[in-house]
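Welcome! Here is a short briefing to read alongside the sequence and the model.

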Amino acid sequence: MRLIPLLGLPFAAALASAAVPFKGCQHKVKESIHGPPRGWSRHTPAPKHHMLELKIALPQPKFPELEQHLWEVSDPSHARYGAHLSKEETDALTAPHPETLDIVNEWLASHGLAEESLIRSSANDWVTIRVPVGLAEEMLDTTYHVYKHAETGERIVRTTSYSLPEILHDHVDLIQPTTMFARFKAFKSTLHWANQVQPPVLSTSGGTITGPAGNQVDASCNSSVTISCLRQLYNAVSYNTSATNGNKLGLTGYLGQYANNMDLQQFYQLENPSAYGSNYTFVSINGGLNNQTYAAAGIEANLDTQFGFGLTWPTPGTFYSTGGEPPFDPDLLTPTDTNEPYSYWLDYVLSQPMLPQAISTSYGDDEQTVPFTYASRVCAGMAVLGVRGVSVMFSSGDFGVGDGDANPATQICYSNDGLNVTKFLPAFPASCPYVTAVGGTVNIPETAVFFSGGGFSNYFVRPAYQEVAVSEYLAKLAPGTYEGLYTPYGRAYPDVSAQGQNFLIVYQGETGYVGGTSCSSPTFTSFVSMLNDARLNVGKSPLGFLNPFLYSSGYTALNDITVGNNPGCGTQGFNATTGWDPITGFGTPNFEKLEALVLSMP
């Protein structure tokens, strides 16, 4: 599978003359969308003085070479398994051609943007500029408008088409924010206060039930999921991690989600007293904050840090807070306007020489709200993390196969291509073939939770590593099942799953329950971090990109989930079944079996 085609770059023609005449050069449409996605409507023209932070992605001609490295170092049967690349090596493999840099520099200079006003990524494959709307419209031969979201009232500055001088087309992959309306919201369902549901039961009173590994699990775990419950359920009660072997766990926060440290310490007292008093490393990216007032506490950020760091303590943890900048407010005239946090986060982490070996993210949006070019570039960035030895997990989403609505009369799964036809709505970045997507389960014995996101990408073709497993699943479907609603040859997700309902957290000083695949991703990631811990203890490499391992042998150490379905888009969605399925993937972790398996690998 080749995610980004190797572009034929007509460098000689492009640089035939010393001075490229951009001013007189014919503009040609670079990217356009039929119209704003459902829910967005166009309002007034954008104020000419409103500042935009434009990110320009330059082609990566050596990406196919990097992708080949990824397959080799991630395949346990390959001689190079675990031979991850360094930052310097991946920078070289993602760098643009020098002549691309020259011609883009010349274009920027022709609009008064000198080198000192440009921000470049570590590999020089992204250039960031700050320009007023008026100049952006001149550069891109477009008109920006303020768009408003009907449901949230959010306002953003976007356009539905932009153009570049024809001579630049092979030297620029994309420029955003232009045509991108994705909101990258946190995946989570509503918080329920503990006193409104049932009191938390943290003792073994009330009996036990047999877990999937044959061990006993507190019966209370069926109504209240705690750190102890997850260690029991996933067979890791006796495993102790190291604070000193170099292993680290990373969690990401976006869009004003702040992890409250008082809540975290209260959670530790309740669920992991040994961790009480411990802290994590806070990293601010693009102006990301970590406001510590109770009022600013984020349910998502609290959930991630409490369960992620609580499960893996004393493994050092890192919380990345990436500022998405506030959405455009016509009254406040906010200075910048972007809610595309992944490129900022990737810019930062890929510039760091050392990274956490496992990272969880619980954010995403409908794949179709993300332009294909942007999705491809962000996905390529995930491949770079994988080849550097990082396991990257994403929540699979909370709306089943699309909107979570099984009623054909009220479902809202419509394509954004002008045809407005009913289609399943895969989630991104879960649909990226270079990440491990985590679905959700509930109860003991475990079944698929109804909201678990799953399906097939409309952007990325099915990678070779999942060909056998997914083909087997599709062969079980009755002929014609959901024909036209999904792309059967697309990358299928999720890959794995974990509990995703009734997680007992502390929020603003009180206990409450939260659900969503935003519970599942940090949970699965924590057990991956423990596996990395076990490998590092015996001098082996971290696991890195997990999927080739999971689909070749790792699935044998997972608990297969065979009951449940994920309704949406006016259908009952897909069913869980024996083997891989597009609601729970291969299932949930059996840590003891996984540990034995990963320690037997090179």
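Buried means under 20% relative accessible area, exposed means over 50%, and partly exposed lies in between, using a 1.4 Å probe and protein chains only. With a relative accessible area of 0%, cysteine 519 is therefore buried.

This is a predicted model, in which local features need pLDDT of at least 70 and side-chain atom pairs count only at pLDDT 80 or more, while totals for chains, interfaces and linings use all residues. Residues are numbered from 1 along each chain as its sequence is written, and side-chain values use heavy atoms, leaving out hydrogens and water.

**Disulfides**

- A disulfide is a covalent bond between the sulfur atoms of two cysteines; here, a pair of cysteine sulfur atoms within 2.5 Å counts as one.
- Searching the whole structure turns up three disulfides.
- Counting bonded cysteines along the chain, the pattern is 1-2, 3-5, 4-6.
- Cysteine 519 takes part in no disulfide, and the nearest cysteine sulfur, that of cysteine 229, is 13 Å away.
- Cysteine 221 pairs with cysteine 229 in a disulfide with the sulfur atoms 2.1 Å apart. The link is left-handed, with -90° about the S-S bond, and both cysteine 221 and cysteine 229 are buried.
- Cysteine 379 is joined to cysteine 432 by a disulfide, 2.0 Å from S to S. The torsion about the S-S bond of this pair is about 85°, so the disulfide is right-handed. The pair links distant parts of the chain, 53 residues apart: cysteine 379 sits in helix α11 (residues 372-387), and cysteine 432 in the loop between β20 (427-428) and β21 (436-442). Helices (H or I, at least four residues) and strands (E, at least two) are DSSP runs, numbered from the N terminus. Cysteine 379 and cysteine 432 are both buried.
- Cysteine 413 and cysteine 569 form a disulfide too, with their sulfur atoms 2.1 Å apart. With -75° about the S-S bond, this link is left-handed. Distant parts of the chain, 156 residues apart, are linked here: cysteine 413 is in the loop between β19 (391-395) and β20, and cysteine 569 in the loop between β28 (558-559) and β29 (588-589). Both cysteine 413 and cysteine 569 are buried.

**Serine 497**

- Serine 497 belongs to strand β25 (residues 496-499) and is buried, with a relative accessible area of 0%.
- Leaving aside residues up to four places away in sequence, serine 497 touches several residues, including Val438, Phe524, Ile561 and Thr584. Contact means heavy atoms within 4.5 Å.
- A polar atom of the serine 497 side chain lies 2.9 Å from the backbone oxygen of threonine 584.
- From C-alpha to C-alpha, serine 497 and threonine 436 are 9.9 Å apart in space, and they are 61 residues apart in sequence.

**Helix α13**

- Helix α13 (residues 517-537) has 21 residues and should span 30 Å at 1.5 Å a residue, which agrees with the 30 Å between its end C-alpha atoms. The expected span is 1.5 Å times one less than the number of residues.
- Of the 21 residues of α13, 19 are buried, so the helix is largely enclosed by the rest of the structure.

**Serine 360**

- Serine 360 is in strand β17 (residues 358-361) and counts as buried at 1% relative accessibility.
- The side chains of serine 360 and serine 521 make a polar contact (2.9 Å). A polar contact is a pair of N or O atoms within 3.5 Å; within protein, one must be able to donate a hydrogen and the other to accept it, and residues adjacent in sequence count only if both atoms are side-chain atoms.
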